[in-house]
Amino acid sequence: MRRLARLRRLSARIRAWFRQTALDREFAEELDTHVDMLARENQRRGMTPEAARRDAKIRVGALPSLAEQHRAARGLPQIDTLVHDLRDACRGLRRRLGFTVVAVATIGLGIGTTTTLFSVTYGLLLRPLPFRDQAQLVRLSETREGGKTAGRPFVSRETFRAWREASATLDGLAGWNVEAATVEAGHRAPERVRIVNAKATLFDVLDVQPIRGALFRTDDESNGGRPVVLLSYAEWQRAFDGRDDAIGQHIRIDGQPFRVVGVLGERFRFPDAQAALWRPMDRTIVSFDAIGRLTPGASMLQAAEEGTARSRSAPDLGRQGTALFGSNGPGRIAVEPLRGDSAAAARPVVLLVLAAGALLVLVATSNVASLQLTRTVARRRELAIRSAIGAGPGRIARQILIEHGVIGALAGTAGLILAVWLHRLLPVLVPPSIVSLDNVTLDGPVVMFTITLTMVVSLASGVLPLLTAKRVRLVDVLLEDGQAPIGGGGRTQASRVLWALMAGQVAMAAALLAGTSLITRSFVAVLGADRGYAPSDLLTARLPLPAPEFSRARRVAVLDEVLARLRATPGVTHAAATDIFPLIDLEFPRAFDLPPARQGDLPTPVRAMARTVSTDYFTTLGMRLLRGRDFMASDTIDGAPVVVVNQTFARRLLDGRDPLGVVLPLGWSSGRRDWQIVGVVDDVRQRHASDPPQPEIFACYCQIREGLLAEEPVIAVRTVGAPESYTDVLRQTVRDVAPSASLDSVMTMSDRLRASAAGWQLFTTLLGTFALLATGLVAVGLFGVLSYTLARRSRELSLRCALGAQSTDILGIVVRQILPMAAIGTSVGLGVALLVARTLRSWLFGVEAIDPVTLAIVPVAVAVVVGAAVVGPAVRALRTDPVAALLGR
Amino acid sequence: MAHDKSPILQGTLDLMVLKTLEAMGPMHGYGIARRIEQVGEEAIQVNQGTIYLCLVRLLQQGWISAEWGTSEHNRRAKFYAISRAGQKQLVAETRNWTRISGVIGRLLHQGARR
């Protein structure tokens, strides 16, 4: 009842507030009538008309004040005050346009970049995956004792089978692997797309249903299983325009027909957004990615224990185990929450960049806070007078907070606009090959973050000025010579806070600069590192020759013909082909028994990367032949089988034996197990410049009776300059030799190198941008604060001049004010950056955490920036006309 | 200001206005102010403007209603009338006031006797 009454009063107030003008007019009329009547009454009692009217007006009260009270009584006075304060704040901000623009731009910049960074972080690391009870989904990975740690998590087929039956901790297990294939579907031209070979249980574990048709079944995985396929929503739209009759149609995957049985939902993306097709996984695949769904109540630890036990009870993998895991020791299963792989890989980078973004926001906030602080000190008189005429401390605090609220709102809007713009730019900045941006959008949670950040920032930049504002003592301020205080050092609370703020900003900028320097130097080192081959003047492309159209023998014939024609092309110095190429392929090692050095010893089981190449491969890539010989024309299919090994093979596996002449029992070509080492080449870094080299064996495919096993060999062409200009020649040659084959991924080796370092590049660009922005902000902030403090001290400085101080003395005063702050800030920033760098040493390449160049560059850069910020105000201070300043003009 | 006029006790103006409207029927602001002064025999001083703040409060509580009409001098004026809820409120307030003033009166009397 009482609440109802209150509600009614509130609604009456709101209605009245909206009818403000009309009600004001009514009230004025009502009062007018009142005065009229009272005057009439007075007149009746014998007053003169003038006196009667005057007395009536006095007894009723002044209209403006009454109208104000009336408005407050009937309407929403809180809002009226707020509107009033807002209008006041806007007027004030417009008057100090320079400050407003700088503050809004500074905070907006910080908010915009941080929002973008947050949306990336949120999308990659925090946003829940679109699957039911996502917390129960876990990723499984298997390792073996004594083996290498898994780069990409996977499990062996045997462990999977042993665990699948009657698991106590998992409700279901599923596996998949991803490959690229040429797909002809519907009316679309053949295209290479990403297809997923999946266990049928994948869809049960993820708990998804097709939106059209049906899923495939476990028995489809067997040899006699149906050749069926599921389409992604995007693929369904592209190839079949989303028509229902797509179900039952056939598409070709590498020439083989597959029947479409179902279409998955638009939001289904597994393992990533590029996945276009899912088909039953062949049971012969021995290792694959795996996930499971925890039974309710089971922990990841329990699942890992069970998995480890099951893996140890699985059939022995023998040599295959060594090939897969680097050792055939007892298995161990790790269980982790399911997350995108790119997310896991990107995690440290994203977090570090986010930290850099946070530093930028901090710099921006403290920058505005210090600008505001100088302003507030300047406004002490205004605030003192305001409180003298009756504004309570609350009212003054509110006014300052509202000003910051307005700045914050403007900056937040600017930041959001910047973020939208940056989002359009993201795909350019972040190559999708490194980080998948599917989940990165500006939506509810991200905007909430922005709003919160804006509020925090505007509050934070408002609080410092507030603390000094509260300390205003009227008499002190009014007595103080507001125009020109003498002395400027760390005397007052405000100037001490200001000093700390500026030093902090310098520290943050220095830290960012140091980080950028370290990363940039690493990036340059990565690009310039010796990888064991010469990347310049090298054109590379993949030439898919899929079975059954191309038999293994036919592939050799096509490659030989293409290479022969290319070698005859003017401007081409060398041409070669291989099955596995640096920066393109991941390879799997081959395990075999190395014959003993002495008669009677046991053979050693070893593993090495094995690859088949054409003749002229080493010269084409510019690899260094250290010993023995290259493959020759005489190494034919009937000749003695020969191999070339790399230096790591010779060093690590042959134990100081002379590698030349050692015979390796490789089961490469039917009937031959006696491959003799005839040469040693220098190591090549397969992927990253920092990768440790692996033992490698090269054989010429011209000596392999079965022909070329690989369906997608890579062709490399060394040219005389401008390798990209040979693209058309390369394409034409392939078209002439094999019209149905088409090249894929034609790129110069230098471009591949740059693409492989794109993560570094992105990181360098981002950190560099932040460092630049932060440094710029610090310069602007310093400039503002210095201009202000020096202007305030102009009378003191003039006095000094008048007493005989030289320009150098004045400059000395300025420098003494700045130097300690800059020096302390730089030292702290450098120290923090180097500490962080030490813990993140693995991120650096070719540069130490304590890098002398960085230690030298950062202070110089800070000095330049601080110097640039000081010059203007200092010159102005020097130019001040002493007489004018002393006279107070 | 005359020293024999006492300011109105906080919160009592509402009660006076309600009672006036109940006793006199619909009236405009001037009439209400006039009536209170007459009844108070000029002993209490009404700041005539503040009557209107009180009227706004009562309107928002729904205890009185207002409509425009024409005054005895043929001027447009707003006439206020007590509502059913206002009458109920008046009864309650009157009882309350009587009780409190009784208590205060007894208290003061007792103090005087000592």
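Analyst: Contact here means heavy atoms within 4.5 Å. The model is a predicted one, and by that cut-off 25 residues of chain A are in contact with 24 residues of chain B.

User: Which three residues supply 26% of the area that chain A buries against chain B?

Analyst: Between them, chain A and chain B bury about 2,400 Å², of which 52% lies on carbon and sulfur atoms. On the chain A side, the trio that supplies more of this area than any other three residues is A:Glu30, A:His34 and A:Met37.

User: How many residues does H2(A) give to the side of chain A that touches chain B?

Analyst: The rule finds four salt bridges across this interface, and B:Glu37 and A:Arg59 meet through their side chains in a salt bridge at 3.1 Å, N to O. On chain A, helices H1 (2–18), H2 (20–44), H3 (49–60) and H4 (63–74) each supply at least two residues of the side that touches chain B. The helix that gives the most is H2(A), and its contribution is 13 residues.

User: Is A:Arg531 buried or exposed?

Analyst: A:Arg531 lies in the loop between helix H17 (493–528) and strand S12 (538–542) of chain A. Beyond its neighbours within four places in sequence, its contacts include A:Asp683, A:Arg685 and A:Leu753, while a polar atom of its side chain lies 3.3 Å from the backbone oxygen of A:Val526. Since buried means under 20% relative accessible area and A:Arg531 has 2% relative accessibility, this residue counts as buried.

Conventions:
Residues numbered from 1 in each chain as written. Chains lettered and ligands numbered in written order. Predicted model: local features only at pLDDT ≥ 70, side-chain atom pairs only at ≥ 80, totals over all residues. Heavy atoms only, no water. Buried area = accessible area lost by both parts, 1.4 Å probe. Helix = DSSP H or I, 4+ residues; strand = E, 2+ residues; numbered from the N terminus. Buried < 20%, exposed > 50% of the residue type's maximum accessible area, 1.4 Å probe, protein only. Polar contact = N/O pair within 3.5 Å; in protein donor to acceptor, adjacent residues only side chain to side chain.
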